[in-house]
Amino acid sequence: MRCLFLIFFLAGSVAHAQSKDEEELNNEGLALMEAEKYKEALPYFEKLVAINPERTPYRFNRAVTLFNLKQYQRSLQDYQYLAAFDKEEPEYVFQIGNLYEHLDSLKKAEEYYSRAIEIERDYYLYYFKRGTVRLKQSDWSLAVVDFTRVLELDPEHHNSYHNRGIAYYRAGFKEKGCEDWCQALLKGNTKSAEHLQKNCKVYPKPCLLSK
């Protein structure tokens, strides 16, 4: 979630429109979150949202906690509230897309990833996630576009080489697919080795060509 969680973590310790009791509850909840004790953290954020429902850090932290507890519908409701509250924050919209993906609503996920990209066009993860749901929907050409954009922003992103290789290969561009799997493997993606071994035997030692 980039620096957003950290911002809210710090914001939780500032007594701005926040009572001392709220500050203590928030800090205790955040400590449990940091320890990944999400079940124990949830009651703290439930109480804080009930006390001060308009304070966005409380609702954000509850959304994160609910997501990690796999309570996706409730987490989605919190992110929808946050996205309506602040329409210029791409992370809220992105997390809605992520939740729809977990709920297997891939068209909805793609829609919200696209909305996040409209707000912030230079963050690689938004393109990667949209490319992934497009790959799941067998939309090979658009998946290639997204993974290519990721690699423009982060040339070392081996997962995008790997996934673009899948998109190319399934679209019939087998040589390009093998080239991407080779690059992914050279950059550290061990999953690509299986694809190369299974699908790229017609290209003798393809990765040696890129060294």
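Tutor: A helix is here a DSSP run of H or I with at least four residues, and helices are numbered from the N terminus. The model under discussion is predicted.

Student: In which loop does S138 lie?

Tutor: S138 has a phi near 60°, a positive value in a residue other than glycine. Its relative accessible area is 43%, and S138 is therefore partly exposed, between the limits of 20% and 50%. As for its place in the chain, S138 lies in the loop between α8 and α9.

Student: How many helices and strands does the chain have?

Tutor: Read along the sequence, the pattern of the chain is α-α-α-α-α-α-α-α-α-α-α-α. The counts are 12 helices and 0 strands.

Student: What span does α9 reach from its first C-alpha to its last?

Tutor: Helix α9 covers residues 140-153, which is 14 residues. At 1.5 Å a residue, a span of 20 Å is expected. The span in the model is close to that expectation, at 20 Å.

Student: Within what arc do the buried residues of α9 fall?

Tutor: The buried residues of α9 are W140, A143, V144, D146, F147, V150 and L151. Seen down the helix axis, these residues line one face of α9, because they fall within an arc of 165°.

Student: Which exposed residues does the face turned away from the buried side of α9 carry, and which helices are included in what covers the buried residues?

Tutor: The cover over the buried residues of α9 includes α8 (124-136) and α10 (158-170). On the face turned away from that buried side, α9 carries exposed residues. In short, the covering helices include α8 and α10, and the exposed residues are S141 and E152.

Student: Which residues have the most contacts inside the largest nonpolar core?

Tutor: In soluble globular proteins, nonpolar side chains tend to be buried together. In this chain of 211 residues, 48% are buried, and the largest nonpolar core has 52 residues. Those with the most contacts inside that core are M33, Y79, I96, L135 and W181.

Student: Which residues does I96 touch, not counting those up to four places away in sequence?

Tutor: I96 is among the residues with the most contacts inside the largest nonpolar core. Touching means heavy atoms within 4.5 Å. With residues up to four places away set aside, the partners of I96 are L76, Y79, Q80, A83 and Y112.

Student: What is the handedness of the disulfide between C178 and C200?

Tutor: The sulfur atoms of C178 and C200 are 2.0 Å apart, and the two residues form a disulfide. The torsion about their S-S bond is about -95°, so the disulfide is left-handed.

Student: How many residues apart are C178 and C200, and are they buried or exposed?

Tutor: C178 sits in helix α11 (residues 174-186), whereas C200 belongs to the segment after α12 (191-199). The pair thus links distant parts of the chain, 22 residues apart. Both C178 and C200 are buried.

Student: What is the relative accessible area of C182?

Tutor: Buried means under 20% relative accessible area. C182 is buried, since its relative accessible area is 1%.

How values were computed. Residues are numbered from 1 along each chain as its sequence is written. This is a predicted model: local features need pLDDT of at least 70, side-chain atom pairs count only at pLDDT 80 or more; totals for chains, interfaces and linings use all residues. Side-chain values use heavy atoms; hydrogens and water are left out. Helices (H or I, at least four residues) and strands (E, at least two) are DSSP runs, numbered from the N terminus. The expected span of a helix is 1.5 Å times one less than its number of residues. Buried means under 20% relative accessible area, exposed over 50%, partly exposed in between (1.4 Å probe, protein chains only). The arc is that of the directions from the helix axis to the C-beta atoms. A nonpolar core is a set of buried Ala, Val, Leu, Ile, Met, Phe, Trp, Tyr and Cys residues joined through side-chain atoms within 4.5 Å. A disulfide is a pair of cysteine sulfur atoms within 2.5 Å.
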